Amino acid sequence: MATEETKVVLESTLICPSCGHVETETMPTDACQWFYECKSCQAVLKPLEGHCCVYCSYATVPCPPIQEGKSCC
């Protein structure tokens, strides 16, 4: 959970489950990202069941609302 002493991380590294391609992206702070097209194999990633966005499913850092202890979207 983010506090005044900790800052929300806006960069996260997505890892494509289809081809393993790794790409660091800046996460949006004003919307969920439900789809992401892999820049290598063009697979369209969608959140796994129970996850709110592609960052919570396939990335190294969860989305900003989850980092803050809020529900996403």
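Helices (H or I, at least four residues) and strands (E, at least two) are DSSP runs, numbered from the N terminus. The model is predicted, so local features need pLDDT of at least 70 and side-chain atom pairs count only at pLDDT 80 or more, while totals for chains, interfaces and linings use all residues. Residues are numbered from 1 along each chain as its sequence is written, and side-chain values use heavy atoms, leaving out hydrogens and water.

Leu14 has Glu23 of β2 as its bridge partner. Between the strands of this hairpin lie 6 residues, and Gly20 takes a positive phi near 85°.

Select next Gln42, in the loop between β3 and β4 (44–45). Although Gln42 is not a glycine, its phi is positive, about 65°. Most residues other than glycine have a negative phi. With 44% relative accessibility, Gln42 counts as partly exposed (buried is under 20% relative accessible area, exposed over 50%, partly exposed in between; 1.4 Å probe, protein chains only).

Proceed to Leu45. Contact means heavy atoms within 4.5 Å; not counting residues up to four places away in sequence, Leu45 touches Cys16, Pro17, Trp34, Phe35, Tyr36, Val54 and Tyr58. One of these, Trp34, is found in the loop between β2 and β3 (36–37).

Key: Pairing = 2+ DSSP bridges.
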